[in-house]
Amino acid sequence: VIIQMGDAWGGCRFQGNTAEAGAGILLSRLAKEACRQGLTGLEAAGGIPGTLGGALVMNAGAYGFEMKDVVRSARLMTESGEILELSAEELQLGYRTSCIPARHLIVLGARLELAPGNREEIRARMEELTARRKEKQPLEYPSAGSTFKRPEGYFAGKLIQDAGLKGYRQGDAQVSEKHSGFVINRGQASAADVMGVCRHVSD
């Protein structure tokens, strides 16, 4: 069963330095809204493909930023329908991990603590990171972003490239030739194609 947290769970509101947002809001939109409010802390999140809920599940991050840097608490639902409010500490946010999958929880929303900043400086930082992403990442193709966890002390993309797997392909799913840490969809890739590439690279 897949539950898509779409527009109905895609709202956000700000009070002071605090943002409360639904699990379905895109990180790109949340980062832009924070910028409009003159709040800093989400600049690097703006280019991460996905929703706030997904970002919490895996403690998403980029360019030295992780969700745990700004999350103060999250509202979740258990399999039995019980609503929980867990603090950032209780979420056990680590490198691309949290307690959410193991406890079979569904993210409903989160409270984030940001900091006052200059709108123009925040916007400039977001534009700088966007330019860096366009230069180094295969943004011209659909993907789920950086695909593989980085082993401690190494870079996943470099290891994949050294293993001769840059450009490895199953169907229309392919290890990007621009950045080996990405699995891209070159047209009509199925979920089985993508998972096949991921399993082959991991093995």
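Ser-146 has a bridge partner in S13: Phe-182. That pair belongs to a predicted model, where local features need pLDDT of at least 70, side-chain atom pairs count only at pLDDT 80 or more, and totals for chains, interfaces and linings use all residues. Residues are numbered from 1 along each chain as its sequence is written, and side-chain values use heavy atoms, leaving out hydrogens and water.

**The whole chain**

- The protein chain has 6 helices and 13 strands. Both are DSSP runs numbered from the N terminus: helices are H or I with at least four residues, and strands are E with at least two.
- Along the principal axes, the C-alpha trace spans about 50 × 45 × 35 Å.
- Of the 203 residues, 41% are buried. Buried means under 20% relative accessible area, exposed means over 50%, and partly exposed lies in between (1.4 Å probe, protein chains only).
- Take the contacts with a separation of 6 or more: 58% of them join residues 24 or more positions apart. A contact means heavy atoms within 4.5 Å.

**The open sheet**

- Four strands form an open sheet in the order S10-S13-S12-S11, with antiparallel pairing. Two strands pair if DSSP finds at least two bridges between them.
- Strand S10 (143–146) and strand S11 (169–170) are the edges, and each pairs on one side only.
- S10 and S13 (residues 182–185) are antiparallel and share 2 bridges.

**Strand S6 and its partners**

- S6 (residues 71–77) pairs with S8 (residues 106–113) over 6 bridges, in the antiparallel sense. In this pairing, Met-77 stands opposite Ile-106.
- S6 also runs antiparallel to S7 (residues 83–87), and 5 bridges join them. Here Leu-76 faces Leu-84, and Met-77 has Ile-83 as its bridge partner.
- The hairpin of S6 and S7 has 5 residues between the strands, and Gly-81 in it takes a positive phi near 95 degrees.
- S7 has two faces: Leu-84 and Leu-86 are covered, while Ile-83, Glu-85 and Ser-87 are uncovered.

**Helix H1**

- Helix H1 covers residues 27–36, and its buried residues are Leu-27, Leu-30, Ala-31, Glu-33, Ala-34 and Cys-35.
- An α-helix has 3.6 residues a turn, so residues three or four places apart point the same way.
- What do the buried residues of H1 pack against? Their neighbours are strand S1 (12–15), strand S2 (18–22), strand S3 (39–40), helix H2 (52–58), S8 and helix H4 (119–136).
- Just after H1 comes Gly-38, with a positive phi of about 70 degrees.

- Tyr-63 sits in the loop between strand S4 (61–62) and strand S5 (65–66). Its phi is positive, near 50 degrees, in a residue other than glycine. Tyr-63 is partly exposed, at a relative accessible area of 31%.
- Gln-92 lies in the loop between helix H3 (88–91) and S8. Gln-92 is not a glycine, yet its phi is positive, about 55 degrees. Buried or exposed: which is Gln-92? It counts as exposed, at 53% relative accessibility.
- Leu-139 is in the loop between H4 and S10. Leu-139 counts as partly exposed, at 45% relative accessibility. Leaving aside residues up to four places away in sequence, Leu-139 touches Arg-133 and Lys-134. From Leu-139 to Ile-184 is 45 residues in sequence and 9.1 Å in space, C-alpha to C-alpha.
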